[in-house]
Amino acid sequence: MSKDLIVYVCLLVLAAIQFLIAYQSITPTQMFTRMIVVAVIEASLALLFFMHLADNRGLLWFVVIFNGFVLFAMQYSWTDSFRISNGVPWAK
Amino acid sequence: MSTTTRGEITMPTPTPAPSSLMEKPAFSVPAKKMAMWLFIIADTATFAGCLVAYGFLRNATPNWPRPFHSITNLAVMTFILLTSSLTMLNGVKAARAGNKAGALRWTLITAALGIAFALLHIREWMALIDEGMTLLKNPWGTGLFGASFYSITGLHLTHVTGGVIALIVVGLRYKGGRYNADDLEVLGLYWHFVDLVWMFVVPFVYLLNLAH
């Protein structure tokens, strides 16, 4: 089997795992965590082998650092979304 | 310019610049491929922005609907999109090997899989619209669900549709000799990116909203 075919089978298995996680009796937080872990592994496989970033370390670091910073910067809003759902206990 | 002994004016012959003076491409990647990578990085920010905004709304809204009962259609759509990435790889490989007919065949198979994905997606939308889910309201809970669902899946569907058109155009022009294997590879990057985005849309927009 070629490398591409192995990666394709891995992606199908990981996608199936995501579907199985959706039917587990766990809390939404646990479900979200497990799903994001699987999605990141899937995305990494696609980036490294389908998009050939594994062959170009310089470009790999450029993409990872640039996207990582952007994704990290977007996380500022979560505290506010929890404040809306849970209220502001210290303001009472 | 210089003047000969007979008074004739001659133009200096251009000498090729030494390779050491030529600017090397960034990360040793050709300009077209680098442009596609920059587009992908920018588009990642667009999709990430949409998904983070969706997460914000879902987290902060108490009566968030969970309307999806079956995963069959979603599983088939995911299978089709993942398979289309493999066929795209085969197309680029064939192009690299100089097999024009094979490259066109794999590229058109990829486009056909993209069309199948889009049709299944539209069928799913029609079913949801029939159940009363629109951009602004739905029978299950907050109206924000429809707005965020159609925005994210619509943005992805737009990318798939654009990709299908590009696959057909670039595939045919590659066969006609106007484009080369590099162009097909650059388009392949875009198609894999569309697949990659779906890997995040499926869990967050669909699977976390399954009715249990």
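The model is predicted: local features need pLDDT of at least 70, side-chain atom pairs count only at pLDDT 80 or more, and totals for chains, interfaces and linings use all residues. Residues are numbered from 1 along each chain as its sequence is written.

**Interface**
- Chain B contributes 42 residues and chain A 43 residues to the contact (heavy atoms within 4.5 Å).
- About 3,900 Å² is buried between chain B and chain A, 80% of it from carbon and sulfur atoms; buried area is the accessible area (1.4 Å probe) that two parts lose on being put together, summed over both.

**Salt bridge between the chains**
- The interface holds 1 salt bridge (a side-chain nitrogen of Lys or Arg within 4 Å of a carboxyl oxygen of Asp or Glu).
- A:Asp4 pairs with B:Lys93, with the closest N and O atoms 3.0 Å apart.
- A:Asp4 is buried at 6% relative accessibility, whereas B:Lys93 is partly exposed at 44% (buried is under 20% relative accessible area, exposed over 50%, partly exposed in between; 1.4 Å probe, protein chains only).

**Salt bridges within chain B**
- B:Lys32 and B:Asp183 form a salt bridge at 2.7 Å, N to O.
- B:Lys32 lies in helix α1 of chain B and B:Asp183 in helix α5 of chain B, so this pair ties together parts 151 residues apart in sequence (helices are DSSP runs of H or I, at least four residues, numbered from the N terminus).
- B:Lys32 is exposed at 54%, while B:Asp183 is buried at 12%.
- B:Arg96 and B:Asp182 meet in a salt bridge at 2.8 Å, N to O.
- A network of salt bridges links B:Lys33, B:Arg96, B:Asp182 and B:Glu185.

Notes
Chains lettered and ligands numbered in written order. Heavy atoms only, no water. Helix = DSSP H or I, 4+ residues; strand = E, 2+ residues; numbered from the N terminus.
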